[in-house]
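Reader: I've never read a protein model before. Could you walk me through one, feature by feature?

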Amino acid sequence: MRRLSRHFAPYLLSLPSWAYLTVFFVIPLGSMLGLALATGDPLDGYVASDNFSEFSLGFSQYHAEFVRSFFYGAVSTVITLVIAYPVAYWIAFYGGRNKSTYLFLLVLPFFVTFVIRVLAWEFILSDEGFVLGTLKSLGLIPQTTHILSTQWAVIGGLVYNSLAYYVMPLYVALEKIDRRVVRAANDLYATPRVAFTRVIIPLSAPGIFAGFLLVFVTNVGDFVNAYILGGPGTYMIGNVIQDSFFDNQDYPLAAALSSMLMFLLMVAIFLYAKTFGTDTIQDYAA
Amino acid sequence: MSKTSLPDGQNLAFLRGLTQPRLSRGEFMRGAAASLAAMALGGARQADAAAVTDWNGWWEAQKPTNEFIFANWPLYIDVTSDGKDHPSLDAFTKQTGISVTYDEVIQDDPSFYAKVAPVLKSGQPTGYDMMVITDGWYLTELLLQKFLVPLWREKVPNFDKNAGNSVKNPSYDPGNKHTMVWQSGLTGIGYNPKLTKREITSLEDLWDPAFAGHIGMFSDTNELGSFGMLKLGINPTTSTPADWTKAAAVLRDQKDKKLVRQYYDQSYINALENGDIWITMAWSGDIYQANSKGYKDLKFVVPKEGCSIWHDNMCIPVGAKNPLSALAWMNYYYTPEAAGVIEDYVNYICPVPAAKDYILSVIKDPDVANSPLVFPPESEFAKTHEFRAFKNYAEYKAWVNTFSPIVQG
């Protein structure tokens, strides 16, 4: 009897987590898939079936938006990493006593609502606004130049909004690096550049991976930046899902597109982990 | 009214009216609550109240009440300067003894529909005796599901006596069986003459390569599709799916030639104000509001090919507790006095033409009374077209599938 309970103890202890996952993840996910396959309309209700036509319609009509979303997501994630890494590195290695102050300053803009921050960029970047208006009146750029409604406005917005989410995990990873390892590299005649690329970057890989998950997944599904900063030709898949759901009452299509997005994201993450190796990441993390 | 001269900016009475229309009827980013409500799919619907078949008998059985709960959009009725009282509602209470609970709860049609539809589907009362819904898919959806009480027209004689022709027998509710218009409005062209460098008169101007990258169109497929058809000389109200395809082609062409800056919701007005767009589809009320905010250059024009007209409609949801009071309010609203008092504040298009004389002679506000946008002459109404009223969900979906890919491309 005692052996039995000892055997089951870990499972019993994990029960709350399982319950949580079931209620907040498995059930919603199942109902979303069910709705994607359902037939019917919002007036008469939906009945469960195995109708895959919303998937094929979603793919044939909106594959361009899928490609675009992953492109924007990837580009914005890479740019964010390039900007965030030096910031995190500097805070972790040279922040000294004021580390927490710097981190606080970094998250300070996030005390303002997401949508308001994006709207602020719309204001700053507007054609006759603070930046472009000044440059135009100085004659430095042609009158017709505009940044809003272009894909770079959308990618820029994504980068801006994900910066802190990348700095944080990078900072944690860099902070944890044993400084004696870096010194050992120097003692073994590694130049600063070699020490950085061969020691510091591999040791911060878990931070790079965690940040990638946070930023890439959020950015691919984002619709606010494209909605406010974008124009025709910058619609992302999140916008299509939002429109289908709220404006067009096309719930099965919205559910099918959401399922497809989720599946593609899982494939992307799997490929990333496979390429860079989760084992190595875990080794370094340990 | 193809060229409306703007009123003198010094006239405070006029500006007060113009600066306080209801909020834009465009679509806001909607909250998660609404999305959850919209998820209430299928299930048992049309229970108790909606199962009524003999509406005459139902009306006969109603007892008069001294209460009335009215759901409306924000800033869509007269209000005293301290913001506390609504003189028209007070006068109604004085005249009839019915006290009014006035709720400004409708921000836009989809989210309000998402709020009331699950309640109606479960056969419960919404708690409202009257709500104001714009003509479009959501109103049609309420009608198709029999969620609106057919009106007892004999109790609203003032409608037949005073209603303007533009609000009688609308395409979406033939014979005004379920709805009566609260206010109407126009979708025309808004522009900044300083940037376009010429006056705008035609829909062709929205396709002018000279404005490439500075043209705004609406993302609402009803609005967008209707403009595509007007450009082709097709009447959107009576259009067929073949017409929709043709309209989609010209709109697609406009987009492919990179003429369109963006497909906007209500945010187009900011883009017009700060110069991002020079010419755009626009709601008349927004341009007036911008004028009084200080953007005096902006102009509104009804293009010579015609424009769209939308109607916000009073209707009674099934399960209403005080339906006779709601009818009494409708009857009261369709008098020149009540409509005049409210119109002098709201300034969209008044459904009661006789209110013009009341505003002129009693309220003494000639700017509102003589504004061709508040009281358009009959000849101008001929140029306006209602949206296509959909017969069922399949038709609506076909429309959306025709025009949505243009917005989303």
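Predicted model: local features only at pLDDT ≥ 70, side-chain atom pairs only at ≥ 80, totals over all residues.

Reader: How many helices and strands does chain B have?

Author: Helices (H or I, at least four residues) and strands (E, at least two) are DSSP runs, numbered from the N terminus. Chain B has 18 helices and 10 strands. An automatic or database domain assignment sets domain bounds, and here chain B splits into domain 1 (16-185 + 311-374) and domain 2 (186-309 + 397-408). Their C-alpha centres are 28 Å apart.

Reader: What share of chain B is buried?

Author: Count the other C-beta atoms, placed from the backbone, within 10 Å of a residue's own: 20 or more is buried, 12 or fewer is exposed, and in between is partly exposed. Of the 409 residues in chain B, 52% are buried.

Reader: And what's a core?

Author: Nonpolar side chains tend to be buried together in soluble globular proteins. A nonpolar core is a set of buried Ala, Val, Leu, Ile, Met, Phe, Trp, Tyr and Cys residues joined through C-beta atoms within 7 Å. The largest one here has 121 residues, and B:M130, B:I279, B:W329 and B:M330 have the most contacts inside it. Helix α13 (residues 323-333) of chain B gives the largest share, 7 residues. Both domains of chain B contribute residues, so this core lies between them.

Reader: Which residues does B:I279 touch?

Author: Two residues are in contact if their C-beta atoms, placed from the backbone, lie within 7 Å. Leaving aside neighbours within four places in sequence, the contacts of B:I279 include B:I189, B:Y191, B:F211 and B:I215.

Reader: Where do chains A and B meet?

Author: The contact joins 29 residues of chain A to 26 residues of chain B. On the chain A side, β1 (39-41), β2 (45-47), α3 (53-94) and α12 (237-247) each supply at least two residues. The most come from α12(A), with 6 residues.

Reader: How do I describe two packed helices?

Author: You give the angle between their axes and the distance between the axes. Axes are lines fitted to C-alpha atoms, for helices over the stretch in contact, and angles run from 0 to 180 degrees between N-to-C directions. In chain B, helix α10 (residues 241-256) and helix α18 (residues 393-408) pack at about 10°, with axes 9 Å apart. Angles under 35 degrees count as roughly parallel, so α10(B) and α18(B) are roughly parallel to each other. Among the residues that meet there are B:W244 and B:L251 from α10(B), and B:W399 and B:F403 from α18(B).

Reader: Is B:K258 buried, exposed or partly exposed, and where does it lie?

Author: B:K258 is in the loop between α10 and β6 (260-264) of chain B. With 14 C-beta neighbours inside 10 Å, B:K258 counts as partly exposed. Its phi is near 60°, a positive value in a residue other than glycine.

Reader: What about A:S149?

Author: A:S149 has a positive phi of about 70°, although it is not a glycine. You'll find A:S149 in the loop between α6 (130-137) and α7 (151-176) of chain A. A:S149 is buried, with 22 other C-beta atoms within 10 Å.

How values were computed. Residues numbered from 1 in each chain as written. Chains lettered and ligands numbered in written order. Parallel < 35°, antiparallel > 145°, perpendicular 65-115°, else oblique.
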